[in-house]
Amino acid sequence: MKTAIIAGAGHGGLVAGAKLAENGWRVILAEKGDREGLGYDWEDTMPKSAYEEAGLATPPEDELPYMERMCYYSANKQKPLPSPGGKSKYIVYADRKELLKSLVKRAEDAGVELLFGCEILWATYETNRVTGVTCRYGEETITLKADIVIDAAGMDSPVRRSLPAHFGIEREISRVDTIHVWRGYYANTTGERADPAYNVYFFHCGKPGMDWAITNDDNVDILVGAFGHLRQSDVDEAIADFRTMYPQMGDTLIRGGQADHIPIRRTLPVFVFNGYAAVGNSACMTEPLSGSGIMLSIRAGNILADTLIQSGGDTTAWALWPYNRDYIRKCAEPYYGDLIIKKFLAGLKAEDVDFFIDKNILTVKELTSRGDPYTARALVEKLNLLRRPDLLPGVAKLGAGLATLQLVKSALPEEYDRDKLKKWREAAGRM
């Protein structure tokens, strides 16, 4: 019997683990937290179809909260950019805690062995293979051996970070490629909702990043996000300003109050090796403009499990490469255009954002591209018409990024080949 260790109770790892257990594998989940404490105490969006793809029952239609129409604001708050239409027809809010609880229950029902309170310290490996993980479990330090370690331990995974360099997997994620967020829900003291209810602010209070305020019937959902680093003073200032704009926002924090950091960059070009595969934030599987990653993680978990089942349990890098390749093609490549837009936006100043929105250079289309490859090209054309010398370096980088798209796609190897992988990493590094 083949054995898999799921390192961390991430969405993709749980999906992969349940599917493998259903197909005769021994699967062990090692998670440092306790079962009831899993997940952030907030809601995030995902396609309604994610429930089915995760092997879960879709909630009844009358219980599905669909995503509200969004409105974007420039740094000076002078020009709103409302998205067209009303509520989304297919994007829903999912309670993070309830979703993870359901995924854990599915994994448990499939036969996955659950080790909560088991903190992973590092990967164990031989010269050319990952062999398991060393953990702190209660008062003991234990080593769990397996044919494959599925790394679902997040952006700062101790598994990935402890791998030797010659395994060819990026170990550290630069803080430049992250957004740090704080999220909390305050009581709605009047029950009144803003119109629109979902408002996003760039450079709120002069901070490089993105904040939002969503007014619901009983709460006001606040997110404060900054590129690279978020200070408590940034959070306090943003909350105080939101209270002046949303008088229904009370002082009582009724949910959340937690912080996180999310990778908003290209997916790792290589995230498999002999006996190792990363999923979710461990491999930077997020949408570059929104940071959303639940659906991508679920899809990665399914692709990985299918790859292992179809290979007959072969856990060599050569046999795992179809997972890496197919995820890049099906899930990462569609967002390459958004990645280029994100890198351009992250380098702007508040006054540039105000100017671009005022001149209709940045519109809802650029901010909600969702993988449209023509949106980035259209943005370059509009920027070139401005004839502003101070923007030339940024526009040049944006154009250079677009020029590399086809090269990056064509460099992705069909099979796990060291020479071809080197060229692929070099090409992907230009994104």
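**A pocket and some ring contacts**

Student: What is the volume of the second largest pocket?
Tutor: The second largest pocket has a volume of about 410 Å³, where a pocket is an open set of points on a 1 Å grid over the protein atoms alone, at which a 1.4 Å probe fits, with protein on both sides within 12 Å along at least five of seven lines, and lining residues have an atom within 4 Å of a point. The volume is the space filled by probe spheres set on the points, which are joined across faces, edges and corners. This is a predicted model, so local features need pLDDT of at least 70 and side-chain atom pairs pLDDT 80 or more, while totals for linings use all residues. Residues are numbered from 1 along each chain, and side-chain values use heavy atoms, without hydrogens and water.

Student: Which residues are closest to its centre?
Tutor: Of the 17 residues lining this pocket, the closest to its centre are Lys343, Phe344, Gly394, Lys397 and Leu398.

Student: And ring pairs, how many aromatic pairs are there?
Tutor: A search of the whole structure finds 13 aromatic pairs, counting rings of Phe, Tyr and Trp (its six-membered ring) with centres within 6.5 Å, and calling planes under 30 degrees apart stacked, over 60 edge-to-face and the rest tilted. Phe271 and Tyr327, for example, are edge-to-face, at 6.1 Å centre to centre and 85° between the planes.

Student: Are those two buried or exposed?
Tutor: Both Phe271 and Tyr327 are buried, meaning under 20% relative accessible area with a 1.4 Å probe and protein chains only, whereas exposed is over 50% and partly exposed lies in between.

Student: Which residues make a cluster?
Tutor: Tyr73, Tyr201, Phe242 and Tyr246 are linked into a cluster by ring pairs.

Student: What lies over the face of Tyr186?
Tutor: That is Arg243, at 5.0 Å from the ring centre, and a charge counts as over a ring if NZ of Lys or CZ of Arg is within 6 Å of the centre and within 35 degrees of the ring normal.
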